[in-house]
Amino acid sequence: MSNVPADLRYAKSHEWLKPAGDGTATVGITDYAQNSLGDITYVQLPKVGTVLAAGQVFGVVESVKAASDLYSPVAGTVIAVNPALDATPETVNQDAYEGGWMLKLKLSDPASAGTLLDATAYGKLIG
Amino acid sequence: MSDLKRTPLRDFHAAHGARLVDFAGWEMPVQYRSILEEHKAVRRAAGLFDVSHMGEVDVKGPEALRFLNHLVTNDVAKLFPGRVLYSPMCYPNGGVVDDLLVYMRAPKDYFLCINAGNIDKDVAWIHEQAKGYDVTISDRSADYALLAIQGPAAVAIVQSLTGAKLDRIGYYHFAEGTVAGVQCIISRTGYTGEDGFELYHPAGDAVALAEAVVKAGSAHGLELTGLGARDSLRLEAGYPLYGHEITADISPLTAGLGWTVKLDKGADFIGRAALLAEKAGGAASKVVFFKTGDRRIVRADTPVLGADGVPVGRVLSGTLSPILNEAIGSALVTTASAAAPLAVDIRGTLINLQLVKPPFVELKKSST
């Protein structure tokens with residue numbers, strides 16, 4: 001069974017978003033996504049300052065099996081990327097919702113998280 | 001996946017948390033917990049692989065030796081009872097039908113191990129070539145299960161389950177005996193570059209044998225290991241995989257397997273004339289192995305670029321070496337370009353290929 005924390009928002013493309021409440025949010029991929037990908041070997045992330053539209057590709061996650069695009073769940077500007085993933089991308093497998101975070105975004109619209117799935121709807125999607 | 005073929009261990013794998021995938025029409029475990037961790041377990045201690053999908057063929061009869069030396073490129077006449085030989089089996093044009101192991105059990109009594117995805121093709125091919133020879137060919141693939149125990153702890157684990165004297169079985173030799181009470185062909189062979197054994201045994205005994213190996217192996221750090229780790233282990237060891245480094249279009253000479261092509265063995269084997277011509281004229285292309293110093297995996301079919309950015313070949317296999325922590329792989333490139341700088345374009349980044357003579361890591365396999 002995949003772990004779907006109740007306090008996060010989810011994109012259909014299997015990214016999660018955690019609003020901080022100050023107009024910023026953290027983004028990563030879900031437990032379901034990391035489990036489907038298998039051993040993650042490389043994570044390619046954008047530069048700080050990159051402006052992303054909702055649904056825009058922001059990077060690539062590679063596993064032994066395949067390389068997959070990562071999509072920004074909402075519009076925003078990249079204000080941080082996880083520096084640990086360069087050397088230890090397997091953190092995404094081990095800790096998808098905390099240590100395996102990928103981006104921090106300054107949201108273009110602080111209300112945009114509301115357009116995403118809640119945990120119940122995402123749980124149904126991957127059910 | 002109900003239309004897939006299953007080994008006798010399918011439910012054993014599922015019960016141990018395997019991720020089961022379609023491999024060459026078989027429902028097989030690609031991994032149990034992590035391909036990278038399973039790979040490291042084999043290099044560090046031991047792994048248990050179910051490779052029961054592999055095919056087995058009996059070749060018996062007065063002309064078994066003469067027939068096999070016509071069928072395959074290596075020299076079967078060098079075998080004696082208890083000895084194993086690796087060989088390609090070629091088409092007349094030098095392309096490869098399959099690569100296989102030849103076991104000599106007794107005079108006029110040989111046993112072949114062939115790739116799972118090639119069983120139907122191989123058996124038809126072998127029957128066709130056997131016309132006019134006094135031999136009997138029997139496809140025994142459904143009768144046998146095959147477990148591979150591989151890694152530095154493999155000998156201790158298997159020895160704890162058998163009265164056979166394993167230190168008397170050298171690399172690429174075999175004996176027949178019981179392991180955990182199951183009658184086995186105990187073969188000191190493998191596809192990981194580590195020391196270890198492959199145990200051919202009756203399909204009905206597979207679950208009992210696998211459970212005995214797991215029980216005996218737990219104190220030695222043995223882990224269940226899937227086909228994902230098997231592939232990265234074989235690539236790290238520099239072993240060819242049919243359909244990648246050797247194919248109907250890539251001859252054993254092109255693949256760097258010249259040591260398995262015995263042009264002067266005194267038998268006019270299938271493909272000999274073409275391979276002789278290839279050797280005399282020089283092959284147009286060759287298989288090379290590379291590492292990159294980068295973690296981005298260079299996947300099969302990625303174009304290989306020469307010094308001026310022009311494509312000079314393509315990647316055949318690629319993975320991340322869990323031991324080197326960098327991408328490794330093989331490629332087919334034009335012979336003329338093989339000495340020049342080579343690169344691949346991964347999502348807009350040019351990555352240089354550093355050519356390596358495999359194995360990529362120091363191997364400790366038995367050399368006796």
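Reply: What follows goes through one sheet of chain B, then its surroundings. The model is a predicted one.

The sheet is open and has six strands, in the order E10-E11-E12-E9-E3-E13 of chain B, and its pairing is mixed. Which strands stand at the edges? They are strand E10 (174–179) and strand E13 (222–224) of chain B. Each of these two has a single partner strand, so one side of each has no neighbour in the sheet. On average, neighbouring strands in this sheet are turned by 25° against each other, direction ignored.

At the E13 end, the partner is strand E3 (residues 46–50) of chain B, which pairs with E13(B) in the parallel sense over three bridges. Within this part, Leu222(B) in E13(B) has Ala46(B) opposite. Helix H2 (residues 35–44) of chain B packs on the sheet, where it touches E3, strand E9 (144–150) and E13 of chain B. The direction of H2(B) makes about 120° with that of E3(B).

Now the wider setting. Chain B is divided into domain 1 (10–51 + 143–236), domain 2 (55–139) and domain 3 (284–357). Between the C-alpha centres of domain 2 and domain 3 of chain B there are 34 Å.

Chain B also touches chain A: eleven residues of chain B and seven residues of chain A take part in the contact. On the chain A side, strand E4 (40–44) and strand E6 (57–63) of chain A are the elements that give two or more residues. By class, that side of chain A has three nonpolar, two polar and two charged residues.

How values were computed
Residues are numbered from 1 along each chain as its sequence is written. Chains are lettered from A and ligands numbered from 1 in the order in which they are written. This is a predicted model: local features need pLDDT of at least 70, side-chain atom pairs count only at pLDDT 80 or more; totals for chains, interfaces and linings use all residues. Two residues are in contact if their C-beta atoms, placed from the backbone, lie within 7 Å. Helices (H or I, at least four residues) and strands (E, at least two) are DSSP runs, numbered from the N terminus. Ala, Val, Leu, Ile, Met, Phe, Trp, Tyr, Cys and Pro count as nonpolar, Asp, Glu, Lys and Arg as charged, and the others, Gly among them, as polar. Two strands pair if DSSP finds at least two bridges between them. Axes are lines fitted to C-alpha atoms, for helices over the stretch in contact, and angles run from 0 to 180 degrees between N-to-C directions. Domain bounds come from an automatic or database domain assignment.
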